[in-house]
Amino acid sequence: MEQRRHLTRRARTKWIIFIIFLVPFWANVKGQLRYSIPEEVQEGTVVGNIAKDLGLDKTTLKERGVRIVYGSTEPPFTVNQNDGVMYVNGKLDREEVCDRSKVCVIDIKTVLENPLEVHYVTVEILDVNDHAPSFPEREKLLEISESALPGARFQLKAARDADSGSFSVQQYKLSHNEHFRLEVKDRGEDRKTPSLVLQKPLDRESLKTHLLFLTAFDGGKPPRSGNMTIIVNVSDVNDNPPVFSQESYTAQVRENCAVGTTVIQVNATDLDEGLNGEVVYSFDNDVDAQTSELFHLNPVNGIITVLRPIDFEESDTYEIDIQASDRGAATLSTEKTVVINIVDVNDNAPQIEVTSFSHALPEDAKPGTTVALISVNDLDSGLNGKVLCYISQELPFTIAPSLQNNIYSLVTKKVLDREQQSQYEVIIFAKDTGEPSLSSEKSITILVSDVNDNSPKFSQNPYTFYITENNIPGETILSVTAQDHDDGSNALISYLILRENGRENPLASFLNINSEKGDIVALKSFDFETLKTFQFHVVATDSGTPSLSSNVTVNVFILDQNDNAPVILYPVSTNGSAEGVEEIPRNVNAGHLVTKVRAYDADIGYNGWLLFSLQEVTDHSLFGLDRYTGQIRTHRSFTETDEAEHKLVILVKDNGNVSLSATATVIVKLVEPKEAFAASDVKSAAKVDEEDNVTLYLMITLGSVSLLFLISIIVLIAMQCSKSTDYTSKYLQETNYDGTLCHSIQYRSGDKRYMLVGPRMSIGSTIVPGSHANTLVLPDRRCISEEPKVPNTDWRYSASLRAGGVMQSSVHMEESSVMQGAQGVLVQNWPTASSAAEGEGGEVSPPMGAGVDSNSWHFRYGPGGPGAPPQHLKPGEVPPEAFIIPGSPAIISIRQNQGGEDDKSDFITFGKKEEAKKKKKKKKEKKDKKDKGKDDDE
């Protein structure tokens, strides 16, 4: 009794110690929840109330931002922040989440902030019996020899069920057969392998084929099942299995080799005869489907070939179990493993991964700034996996290798400019060293961020605006805009009106500008009649740091509006009203000017163009008004029956879009002639006073013009009288002169002075040498006369310059001929053309720059005969070559009579000789034709 009581006390003590030990353990796991939910439930199914189970205040869940954290993927559950209830976020498939695990749990974290709390929640996914067992083969064929002894076992392929636990395959059932029974071997982890056991010897002669049905059941309620048909063929005795020729088989094959490539051939022999000795090759039952899809085994010759492309990166070695079976009635088989090694080839292009990428790069970044880190990888091995990285474009970037293999950095190599290019498309190339090499590329976009390096630019400089007068104060009258090529805040522009040198523009104080839009508001109304234009300056400043600015001049022109009504200038009464009284004789004729209404409009253009019209008149037949001048005239003579007083109301209006007008009243009184004359004298005296100023201005103007005209006449007469008459007297005394001068040109060259004249003469007229008829001798009043120079005896000139062509302005000059005037006239040396035969006649022109137009003067000179020496003249003699006459279509010959005969060798020819010859030839041809016509008529 005492011993039992002692044992009870010891047991109680143990339980107390155990409970004390569990207390801190439960304190540590506080805050952990565990839920369970079946698979395949609908989305939105409630899992549990986290707030309630954790004792959290529901009202603070949303404020504390309760959420579920589940790695990097989307969590399968979500929590309602209002009530703390956790829901299913998507479809839950236990077989997909946990495969064939016995217990499928999902661990998630529930996080709350302020203060931070983390609660661990475990959700167990309960399996649902949603899969039925299935056999790999719907039908199994077994060949069993009749010599098989009872107890022989024939293993079958186990059925598979995607469910786990109690819902996996739990039992097999074989249809009733007295020769066979079923044995199931439990290998754990839901693996139950069925075997067919021979329990009674077979008799082929009594029954050749046995048909069995094998059914697999899972543990569901109700259970699901799957069936397989087993066909057992009883064969003759076969007691020798096949034997392989080698103990082991090993082969190598290149990846990506062609389909149908032979890998290896296996060989096995059977000592039996007939069908029992024929060997058939096949893959063992344990060979997975992936391997059987890669390789093909010829069942007759044992050759293994490639069935589809092989990838080294998937697997570099394959072990295949080959089964060699004879074809006996009771098949005997032997298994052998074949090892196939895969040889790598360069079939994978490098992979580029960009990390630490800086999308925005400041445009003022220094060369060498790192933009991105680049890592490359190649799944191949050896040289096939070694990668080179580079960029090929001419960009302001370069690739720099790092200390680690296959790690590169993209850096800048020069300064960037965002305004020229705001972004760059950089293509990174990666190339391996395999044969042949493979490459890949990756494009990244680099944005260049802005730096404030551009000042605002106005769209116009200067601005010119036209605004109408009478604008409404406070409304926008004009707007200026500026653009900044920078970006962001650097391009944010503010506007202000510039105050120049501390002196405020008076008109600028009436202007206000919108600092953001540039709209300018006038605080006052402008009047065209007082202000027609003004100018101010606007400054545009960006918001960069430091800020940049620019200014622009704004010119504003005020446009006129019709805002001024006409003002009557006449008639105006003493009290200021537009009224007047006109008295006219009764005996005036039709068309008599009664008076003229004068008006003024301060506007311009059409707004100031006034028209006159009669608004009111007592008798329309008596008076008429000119609508443009405002003159009132009588239409007819007055009669005795006409009233003595007439009232005329004249309307004066402008031509504006909305015309303004004024009226004037004229009272016309008819008086007797004597009274009219007296009244007109009084009025004329008043009008004279009014028009005195205008008359004075006209008289001053006319007097000034007349005085200037008289002074000009006197100066011209004095200039004509001061000239010497000797020049013209010598010229007019010539009898052969017809009295008309064609040219008279004076020019100077240095200290020399010349006058060239040319008469208008008929063809063939003769000028007597020495008569000075064509030369005006001008004594030089500035210096003492010099002795005339003797002409050069060697005168040469070009034969191409003979008469008939227009004188060219550019010739080769060699020596000079002499133009000599009369006594007291200085000699001018003229250049002559060379390359002509000696003694041959030629032509020259006055010197360039001598004041003579070389294109209108021709001078032809002949020495007097072949080989004749040049003439030596005494002072005072005038040689024929001194005559210079302007070019003319006519040919003028000047002949000298020597000994009573005309020497035709001495001549001076002017004009175009060839033209004259052509005309002469044409006249001769016409004359010949006329003579020929007369002969024909006779």
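In this predicted model, a nonpolar patch on the surface is formed by Leu707, Phe709, Leu710, Ile711, Ile713, Ile714, Val715, Leu716, Ile717 and Met719, which together have about 970 Å² of accessible area. One of these residues, leucine 710, belongs to helix α6, which covers residues 673–722.

Aspartate 432 is placed in strand β30, residues 423–432, and is buried without a salt bridge, the nearest side chain of opposite charge being that of lysine 431, 7.7 Å away. Its side chain does, however, reach the backbone nitrogen of glycine 434 at 3.4 Å, and a polar atom of the aspartate 432 side chain lies 2.7 Å from the backbone nitrogen of leucine 438. When neighbours within four places in sequence are left aside, the residues in contact with aspartate 432 include Asn346, Asn348, Pro350, Asp378, Asn384, Lys386 and Val387.

Two peptide bonds are cis, with omega about 0° for the bond between asparagine 114 and proline 115 and likewise about 0° for the bond between tyrosine 570 and proline 571. Proline 115 sits in the loop between β6 (105–112) and β7 (117–126), while proline 571 is found in the loop between β41 (567–570) and β42 (579–585).

Positive phi values also occur in residues other than glycine, as tabulated here.

Definitions and conventions: Residues are numbered from 1 along each chain as its sequence is written. This is a predicted model: local features need pLDDT of at least 70, side-chain atom pairs count only at pLDDT 80 or more; totals for chains, interfaces and linings use all residues. Side-chain values use heavy atoms; hydrogens and water are left out. Helices (H or I, at least four residues) and strands (E, at least two) are DSSP runs, numbered from the N terminus. Buried means under 20% relative accessible area, exposed over 50%, partly exposed in between (1.4 Å probe, protein chains only). Lys and Arg count as positive and Asp and Glu as negative; His and the chain ends are not counted. A salt bridge is a side-chain nitrogen of Lys or Arg within 4 Å of a carboxyl oxygen of Asp or Glu. A polar contact is a pair of N or O atoms within 3.5 Å; within protein, one must be able to donate a hydrogen and the other to accept it, and residues adjacent in sequence count only if both atoms are side-chain atoms. Contact means heavy atoms within 4.5 Å. Patches are made of residues with over 30% relative accessible area and no salt bridge: like charges are joined within 9 Å, nonpolar side chains (Val, Leu, Ile, Met, Phe, Trp, Tyr) within 5 Å. Accessible areas come from the Shrake-Rupley method with a 1.4 Å probe; for residues, only the protein chains shown count as cover.
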